[in-house]
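This report describes the fold of one protein chain and then turns to several of its residues. Please keep the sequence and the structure in view while reading.

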Amino acid sequence: MTDQEMNAHQQIGLLISEDVERLVADRMIGREDLQKVIYRAESTAKKLINLSTGRSLAYFRPKAVFYWVEYSQCDDGYQVHTAYSHRMVTKSSGSSKEWVKTGTETDWLCNPCQRPLEVQTVRLQYMQSIFPIDLPACSGCDFVLVAEDLATGKMAEAEQALEDK
Ligand SMILES: [Zn+2]
């Protein structure tokens, strides 16, 4: 990789309101993390699109942490609506065909597959523990949506509890 490619994400212009800026800082998410998520999502098209709001949602996992950003395109770049992170991994071993579908479709469309996510039973893994959980996921490519309330609520609590063991 050349330096130019490594720093390409820095060209991503961000529009962030004060409230969101504060929230993101509280969550220990840096400006570059936001840029990396958006850069990667826009260059690979691997993202979700909300059918009612038109906003995009994507994640990037540079190390042990998943960073998610909800954003939309604006004149000078991208407006960041929210961002959050988690460490739990959506378990990809095993086929998505084993997932139990509940038949509930969501507003989120998988951009590469052009199909709506459906709520299904998937597995989350953290350290030695595996949890089954119902989450919106794409049956075409195994993209699992970890929503903000889950990542900052139950998931954060479980991560903390496991680390304290
Ligand atoms: Zn997909």
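A residue is called buried when its relative accessible area is under 20%, exposed when that area is over 50%, and partly exposed in between. The structure shown is a predicted model. By this definition, buried residues account for 42% of the 165 residues in the chain.

## The chain as a whole

The chain contains five helices and nine strands. Following the sequence, these elements are arranged in the pattern α-β-α-α-β-β-β-β-β-β-β-β-α-α. The chain has a radius of gyration of 16 Å, close to the 15 Å given by the globule rule for 165 residues, so it is as compact as a globular protein of that length. The C-alpha trace spans about 40 × 40 × 35 Å along its principal axes.

Contacts can also be sorted by distance along the sequence. Of the contacts between residues at least 6 apart in sequence, 51% join residues at least 24 apart.

The accessible surface of the chain amounts to about 9300 Å², and carbon and sulfur atoms contribute 47% of it. As for charge, the chain carries 18 positive and 24 negative side chains. The centres of these two sets are 7 Å apart.

Where does Leu-124 lie? Leu-124 belongs to strand E8, which covers residues 115-126. Its relative accessibility is 3%, so Leu-124 counts as buried. Although Lys-91 is 33 residues away along the chain, the C-alpha atoms of Leu-124 and Lys-91 are separated by 5.4 Å. Apart from neighbours within four places in sequence, Leu-124 is in contact with several residues, among them Met-88, Val-89, Thr-90 and Lys-91. Its contacts also include Ile-130, Phe-131 and Met-155.

Thr-106 is placed in strand E7, residues 100-110. Is Thr-106 buried or exposed? With a relative accessibility of 18%, Thr-106 counts as buried, because the cut-off for that class is under 20%. A polar atom of the Thr-106 side chain lies 3.2 Å from the backbone nitrogen of Trp-108. If residues up to four places away in sequence are not counted, Thr-106 touches Pro-116, Leu-117, Val-119 and Pro-136.

## Residues in loops

Ala-45 is located in the loop between helix H3 (31-44) and strand E2 (48-50). Met-127 is found in the loop between E8 and strand E9 (129-137). Most residues other than glycine have a negative phi. Ala-45, which is not a glycine, has a positive phi of about 65°. Met-127, also not a glycine, has a positive phi of about 50°.

Asp-75 occupies the loop between strand E4 (66-74) and strand E5 (77-86). The C-alpha atoms of Asp-75 and Gln-35 are 16 Å apart in space, and the two residues are 40 apart in sequence.

| Residue | Relative accessibility | Class |
|---|---|---|
| Ala-45 | 33% | partly exposed |
| Met-127 | 46% | partly exposed |
| Asp-75 | 81% | exposed |

Why does Asp-75 count as exposed? Its relative accessibility is 81%, and exposed means over 50%. Met-127, at 46%, counts as partly exposed, because that class lies between the cut-offs of 20% and 50%.

How values were computed
Residues numbered from 1 in each chain as written. Predicted model: local features only at pLDDT ≥ 70, side-chain atom pairs only at ≥ 80, totals over all residues. Heavy atoms only, no water. Helix = DSSP H or I, 4+ residues; strand = E, 2+ residues; numbered from the N terminus. Rg over C-alpha atoms; globule rule 2.2 N^0.38 Å. Buried < 20%, exposed > 50% of the residue type's maximum accessible area, 1.4 Å probe, protein only. Contact = heavy atoms within 4.5 Å. Areas by Shrake-Rupley, 256 points an atom, 1.4 Å probe, with all protein chains shown as cover. Lys, Arg positive; Asp, Glu negative; His and termini not counted. Charge placed at Lys NZ, Arg CZ, Asp CG, Glu CD. Polar contact = N/O pair within 3.5 Å; in protein donor to acceptor, adjacent residues only side chain to side chain.
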